[in-house]
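Colleague: I would like to go through this model with you, one question at a time. Could you begin with the terms you rely on?

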Amino acid sequence: LDALQLNGIERTLLADYFTGRELMRIEFPLPDDLSFQSRRIRSLLIRLLSILTQDDPQLLLVTGIQFAGPTTLKLLEELIQQPHSGKFLLLIGIDPSYQHSDESHQQLWEQWVSLIDSSGIVYPHPFEATPSPFMNWPGLADVEIQHDYAALARCEQLLALLCFDESVVATHKLVHRLERGEFDQDGHYKWQLLLCLGRAQLYCGEHEEAIATFDRLLELAQQANHSIHLCMAYRELAMAHIFRSDLATAIRYSQLAVKLSSSQDNELLQTQALFCHFVACDKANTPFGLSRLRQLLQQLDSQQMVSGRIYVLRNIYAQVPYEKLLDHDSALDCSIEAIRLAHHYDYQADLAAAFQSRGVIYSQLNRYRRALRCYRISEHLREQLNVPGELARIRNGIGYMLCQRENYPEAHRYYLSALNTVLRLNDFSEITISLYNLAWLYAEVQENSS
């Protein structure tokens, strides 16, 4: 881990995982950061494997890949395709004719088999019905567990390492066992199980299912009159509504979470609730409060919630219109600190977003050259990250600023590039914005021509 030059939550997570300790992720990705964080975990594992085999070549044998989940398939795909400095031979055993009952899983599996076929590295070998003894590896359903907490810990490991699809499948198995009455579990177990399931559903894009699960959590907390669980349920519901862009409901739930957390002697609980409320207010463009802002930054620093601190610092500028004691120069200083932190921890997505925020502040200060330079740095970083949705947003932003400077041909080029990107993604919200931008551009050009 020292060789990886890894700091923050990821170092703690990987260290705990490899030493067999319980994993506790105190920061989960926000919607804009989800794709980057998932890719980053896979990239770290590949880099770690390269470091471990640099001076000690290894043979890696992985069999039964047809049973693997989407995250494992993606990791193996990147391991095969991306350049790395490791010295290892990867031997994969698969049954390409295997059929999954789930159609989406089957489609993903066929795409992966096609990728392997096109790589020219498949060597057919007759499949024997009786596996060798060493292939009788334990799985979730095979291990004899006296108490289901051990199985739940595995589900939480998958979730903490951002294996969302696998976490949903594994957690559902435990929920079904619980509902069938196979185990007489205590209330805390059921709470933790539903919390894990709801979070996994949320990050898989199953927003309605996640909200239904969190509603069950809220009901359990109300029945037990458990203040901490009530606070957590409201916070999870708020975050779920942030993901589905129902910001009015998100603010209502996050306010309840903040109110309940303030009566608890638990700074982490307070910080998480307050941060969730800030995200909801920021997305909805509503006031958050300067005293709360100072409190939140101090607590995020105290709890070592680096991603949260960067998010707040780079979005403080949106609170300037609501606070007399907060000006653009202060917001600019905060954005520069966000850039410093993102660069130090190598959070490239946060770095791109922080440069964009700095560009927005410069444009509000009428310092357009500096604004455009920051926007283009952000665009370059997002091109490297290969997150099309975020790239489209920054190009719409650049186009808007070029329009203000009456550089219409260049603005038109950026708007068209953004529109073409979001059309491929079926991102209807950003498609609407891109079409509006183009319409506004054409109206401006027509007015100036007249």
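Modeller: Buried means under 20% relative accessible area, exposed over 50%, and partly exposed in between, with a 1.4 Å probe and protein chains only. Helices (H or I, at least four residues) and strands (E, at least two) are DSSP runs numbered from the N terminus. This is a predicted model, in which local features need pLDDT of at least 70 and side-chain atom pairs count only at pLDDT 80 or more, while totals for chains, interfaces and linings use all residues. Residues are numbered from 1 along each chain as its sequence is written, and side-chain values use heavy atoms, with hydrogens and water left out.

Colleague: Which residues of helix 1 are buried, and what arc do they cover around the axis?

Modeller: In helix 1 (residues 8-18), the buried residues are Ile9, Glu10, Leu13, Leu14 and Asp16.

Colleague: How many residues of helix 13 are buried, and which helices do they pack against?

Modeller: Helix 13 (residues 306-315) is mostly covered, with ten of its ten residues buried. One of these is Val312, which, leaving aside neighbours within four places in sequence, is in contact with Phe275, Phe278, Leu293, Leu296, Leu297 and Leu300. The buried residues of helix 13 pack against helix 2 (34-52), helix 11 (267-284), helix 12 (290-302), helix 14 (328-344) and helix 15 (348-364).

Colleague: Is glutamine 192 buried or exposed, and which side chain does it join in a polar contact?

Modeller: Glutamine 192, which is found in helix 7 (residues 187-203), counts as buried because its relative accessibility is 19%. Not counting residues up to four places away in sequence, glutamine 192 touches Leu152 and Glu156. A polar contact is a pair of N or O atoms within 3.5 Å; within protein, one must be able to donate a hydrogen and the other to accept it, and residues adjacent in sequence count only if both atoms are side-chain atoms. At 3.3 Å, such a contact joins the side chain of glutamine 192 to that of glutamate 156.

Colleague: What is the phi of asparagine 225, and is the residue buried or exposed?

Modeller: Most residues other than glycine have a negative phi. Asparagine 225 is found in the loop between helix 8 (207-224) and helix 9, and its phi is positive, near 50°. At 62% relative accessibility, asparagine 225 counts as exposed.

Colleague: What is the phi of aspartate 346?

Modeller: Aspartate 346 is found in the loop between helix 14 and helix 15. Its relative accessible area is 34%, so aspartate 346 is partly exposed. Although aspartate 346 is not a glycine, its phi is positive, at about 60°.

Notes
Contact means heavy atoms within 4.5 Å.
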